[in-house]
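Subject: Structure handover

Hello,

Below are the sequence and the structure we discussed. My notes on them follow; please read them with the model open.

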Amino acid sequence: MTKQLDIVFLGLSLSSSWGNGHATTFRGLLKGLHELGHRVTFLERDVPWYANHRDLRDPDFCALRYYETVPELQRDHARCLEQADIVVIGSFVPEGRAVIDIVASLCKGQLCFYDIDTPVTLAKLSADDCDYLSWRQIPYFDIYFSFAGGPVLNDLAQTFGARRAEPLYCSVDPERHHRTADPVRWDLGYLGTYSGDRQATLDALLLEPARRMPDRRFVVAGSQYPSDIDWPDNVERIEHLPPAGHAAFYSRQRYTLNVTRRSMIAAGWSPSVRLFEAAACGTPIISDRWPGLDSFFPASTIHTAKKPDDVVVILSRESARTRLAMADRARELVLASHTGVARAREFITALTQKEAEVLDLDIGSAA
């Protein structure tokens, strides 16, 4: 059995999921680590836009602490960082470069980076436009955990200088994401904050099918959509849906739509947490196409679509029996391999492998 570890995370936000997919990812992983018996602390920059929209103020699976400035982080949390077995810094941490330099000087255990935005990060680094990580800092990390797998891992090591790059995908909490008794209300729905590079796909795979199928009901949940979007009359809008409402939202859909950001499509092997959430709720998924999708969801567990006609055919012709059988297969797959506990085990395995490598080197040197 792995010893109990003291693990400290510094991330964008754990307390608020408002316009922030990082919160769901961190919650699943940290809860999984807690269930495995590890002690976890999360340090979060106290900023007004998250403070005003907190939906997890007192987690029961970790200690949640705040800091207002980088000097305050160093002053008030130095001991916590020095004593930790593992310190993990996430992507998009405010003033991340300064945070990394300070934490690297304090950390006596393993130091890791968790990139929940890998393709975005690498593009920013290449353009010298990344304010939360600098190229020179990548070799500081014992392990660079990446939200994207596949060829990106080789790029991280060979081009960007990562000492070791490992995939650490998002996950789902089965206690929170499961089928509910809510009756089906919508034929197709989508959950996601507005993103300009996703909007064309949302238009093609949801809004246009809605226009062609005025007798069907559709829904889009998420914040920050521009006021000039022409929503069809049969598309319901939900401005913000907190995580506590996700299971009921998915359960009320005949199908749910997954739309991937352009950078994630280009990188491939970058599953959205929405895929795992919907599957855990037993909701059939229609997704855009990207490299590596079938390594997470084989063809028997998911539909893919490229144009409005694809969606219209699925919605109008597939039998309920076929639809639900596909959803059941996806649910079984996700509960077996993509829960928070499963991801936490992968995380700990990667860390213990690193310790074993260091021990082997020490023994070899002594010999």
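Glu175 counts as exposed, because its relative accessibility is 59% and the cut-off for exposed is over 50%. Please bear in mind throughout that this is a predicted model.

Salt bridges

The side chain of Glu175 forms a salt bridge with that of Lys31, with an N to O distance of 3.1 Å. The two residues come from distant parts of the chain, 144 residues apart: Glu175 is in the loop between strand S7 (165-167) and S8, and Lys31 is in helix H1 (residues 22-35). Lys31 counts as buried, because its relative accessibility is 19% and buried means under 20%.

In total, the structure holds 21 salt bridges. Another of them is between the side chains of Asp309 and Arg212, at 2.4 Å from N to O. This pair also links distant parts of the chain, with Asp309 in helix H12 (residues 308-317) and Arg212 in helix H7 (residues 196-212), 97 residues apart. Asp309 is partly exposed at a relative accessible area of 40%, and Arg212 is partly exposed at 42%. Both belong to a network of salt bridges that links Glu208, Arg211, Arg212 and Asp309.

A further salt bridge lies within one helix. The side chains of Glu346 and Arg343 meet at 3.1 Å, N to O, and both residues are in helix H14 (residues 340-366), 3 residues apart, or about one turn of the helix. Glu346 is partly exposed, with 35% relative accessibility, whereas Arg343 is buried, with a relative accessible area of 1%.

Aromatic residues

There are 18 aromatic pairs in the structure. In one of them, the ring centres of Trp290 and Phe296 are 6.4 Å apart and the planes stand at 50°, so the pair is classed as tilted. Trp290 and Phe296 are both buried. Elsewhere, ring pairs connect Phe9, Phe26, Phe42, Tyr114, Phe145, Phe147 and Phe347 into a cluster. Tyr255 has a charged neighbour: Arg323 lies over the face of its ring, 5.9 Å from the ring centre.

The sheet

An open sheet is formed by 6 strands in the order S10-S9-S8-S11-S12-S13, with parallel pairing. Strand S10 (235-238) and strand S13 (303-304) are at the edges; each has a single partner strand, so one side of each has no neighbour in the sheet. Strand S8 (residues 186-191) runs parallel to strand S9 (residues 218-221), and 4 bridges join them. Within this pairing, Tyr190 has Val220 in S9 as its bridge partner.

Ser146

Which strand holds Ser146? Ser146 is in strand S6 (residues 143-146). Ser146 is buried, with a relative accessible area of 0%. Its side chain makes a polar contact of 2.9 Å with the side chain of Thr118. Leaving aside residues up to four places away in sequence, Ser146 touches Asp115, Thr118, Val152, Leu153, Leu156, Glu166, Pro167, Leu168 and Tyr169.

Regards

Key: Residues are numbered from 1 along each chain as its sequence is written. This is a predicted model: local features need pLDDT of at least 70, side-chain atom pairs count only at pLDDT 80 or more; totals for chains, interfaces and linings use all residues. Side-chain values use heavy atoms; hydrogens and water are left out. Buried means under 20% relative accessible area, exposed over 50%, partly exposed in between (1.4 Å probe, protein chains only). A polar contact is a pair of N or O atoms within 3.5 Å; within protein, one must be able to donate a hydrogen and the other to accept it, and residues adjacent in sequence count only if both atoms are side-chain atoms. Contact means heavy atoms within 4.5 Å. Two strands pair if DSSP finds at least two bridges between them. Rings of Phe, Tyr and Trp (its six-membered ring) pair if their centres lie within 6.5 Å; planes under 30 degrees apart count as stacked, over 60 as edge-to-face and the rest as tilted. A charge sits over a ring if NZ of Lys or CZ of Arg is within 6 Å of the ring centre and within 35 degrees of the ring normal. A salt bridge is a side-chain nitrogen of Lys or Arg within 4 Å of a carboxyl oxygen of Asp or Glu.
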